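Please look over the sequence and the structure below before reading on. The questions that follow take up how the chains are arranged and where they meet.

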There are 4 protein chains.
Amino acid sequence: MDRVYNSFARQGMMTTLGARILSVEPGTVTISVPITPDVSQQQGFAHAALAFAIGDSAAGYSALSVMPEDTEVVTSEIKIHLLSPAIGESLIARGRVVKPGRRLVVVTSEVFAVRNGTEKQIALLTGTMVPVPV
Amino acid sequence: MDRVYNSFARQGMMTTLGARILSVEPGTVTISVPITPDVSQQQGFAHAALAFAIGDSAAGYSALSVMPEDTEVVTSEIKIHLLSPAIGESLIARGRVVKPGRRLVVVTSEVFAVRNGTEKQIALLTGTMVPVPV
Amino acid sequence: MDRVYNSFARQGMMTTLGARILSVEPGTVTISVPITPDVSQQQGFAHAALAFAIGDSAAGYSALSVMPEDTEVVTSEIKIHLLSPAIGESLIARGRVVKPGRRLVVVTSEVFAVRNGTEKQIALLTGTMVPVPV
Amino acid sequence: MDRVYNSFARQGMMTTLGARILSVEPGTVTISVPITPDVSQQQGFAHAALAFAIGDSAAGYSALSVMPEDTEVVTSEIKIHLLSPAIGESLIARGRVVKPGRRLVVVTSEVFAVRNGTEKQIALLTGTMVPVPV
């Protein structure tokens, strides 16, 4: 699972947002990110792009975790439903492989806002990841 | 159209990414953002979340531009197709209202990478915006 | 739950396809449909539109099952992932409410092909249902 | 373009619905289908699955029209926005390739209801088609 951490470390966007990997298991990856005023939308909640960023990454790395070596994955398409305002101290995204494949991997992520230690789901993503040579 | 600029100015995420509004017309809004190492993915191209961030905002503000006063919009759901690697100096998103409505507004955005002055489409978004009271 | 059955009975498309409701519980509805040559695609498997038809209906009726009386629901948008060829005697769709709401209901459906008594998931849908007055 | 017509002719679902191809050009295919009580939803309008069926087929065949010979295409995923009630004598779907590719083709379809000779857009689809060997 080193390659998931290595790939993640090369993502400038994840560093800029302060995201980090909480866990990597075959077919499922968890990522968290703090909510700060730097990533707000106009009402002061976390921007949809924050939930997207870690939801997409958790989904993509869950796909990578079941891929052959010498492979990277890129997002082909992904849809996000915003379920509730993203209010709290941090967001946590849990990505999961729905259907592995040699040419396409269908993935999903659930994103939760953590507020005073309590999780509430704020987004649901489903998408398609495509393997590419490193 | 002041409220589009006012709402945009309150988005910490847009400031963090260095995004700015290029134009606001009724039903269509254009936003650009620089591509820097701070927003890269693992291959060095711009992260999907960058295209998402300005694509979603351009789509949302195109919806707001046709809304009654004293309304904000939030994204209900949006899907992004990543068409090509996001390589260049900047991204430009052109959002547009497909179908206005009192309860829902269907929107689309096309996102282009600008490289040496030439635009290439790198993403396509379609989504649903929902009006909320300010 | 009578109104779910009543509404379903008015859908000419469901009659044409031979679909029927297997169960209705608050927030979850199950629908099945036979696979016949009349609903094939070019390779002889069930057409994507068959999985869509019952996946969309199961999701929509799961939303209706948690709505106030004197309400119908219509699909605002829905996305389907086709995971495997739809081969077998019938399809079964299990719809479920992900996030209820007064103005929007986010829903999902899983669709399974039944072959010799064994179920295999062949599609995943996520979408948005909107209540409308009857 | 014979293979588009040949593949279409093998789709039992298209025959059942009474759909037919109006035109095939490289990268764009148009399909129409009559609206009858047999394909209604609960309010008497055409069912979302009807718009989906021809929207998906028009998009898929637009992808096939730019593929190498000895290839079929299958839908990987597709999203439909329902914009207006489908009222009229028939539906027309115009599919178009957004981004061709060897492994994936991104496509879109616009679906129109024809009523007394006037077209009104009632649905918008965007999706991903995947080539498979014949």
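Q: By what turn can chain B be laid on chain A?
A: This is a predicted model, in which local features need pLDDT of at least 70, side-chain atom pairs count only at pLDDT 80 or more, and totals for chains, interfaces and linings use all residues. Residues are numbered from 1 along each chain as its sequence is written, chains are lettered from A and ligands numbered from 1 in the order in which they are written, and side-chain values use heavy atoms, without hydrogens and water. Copies are superposed by least squares on the C-alpha atoms of residues with pLDDT of at least 70 in both. Chain B is laid on chain A with an RMSD of 0.0 Å and a shift of 0.0 Å along the axis, by a turn of 180°.

Q: How many residues of chain B are in contact with chain A?
A: Contact means heavy atoms within 4.5 Å. Because 100% of the interface residues of chain B are also interface residues in chain A, the copies meet through the same surface. On the side of chain A 36 residues take part, and the number in chain B is 36.

Q: What is the area buried between chain B and chain A?
A: Buried area is the accessible area (1.4 Å probe) that two parts lose on being put together, summed over both. Carbon and sulfur atoms give 58% of the total, which is about 2700 Å².

Q: Which residues of chain B lose the most area to chain A?
A: The area buried between these two chains is about 2700 Å². Together giving 25% of what the side of chain B buries, the residues are M13(B), Q42(B) and H47(B).

Q: How many residues of helix 3 of chain C are buried?
A: Helices (H or I, at least four residues) and strands (E, at least two) are DSSP runs, numbered from the N terminus, and buried means under 20% relative accessible area, exposed over 50%, partly exposed in between (1.4 Å probe, protein chains only). Helix 3 of chain C covers residues 48–64. This helix is mostly covered, and the number of its residues that are buried is 17 of 17.

Notes:
Expected span 1.5 Å × (residues − 1).
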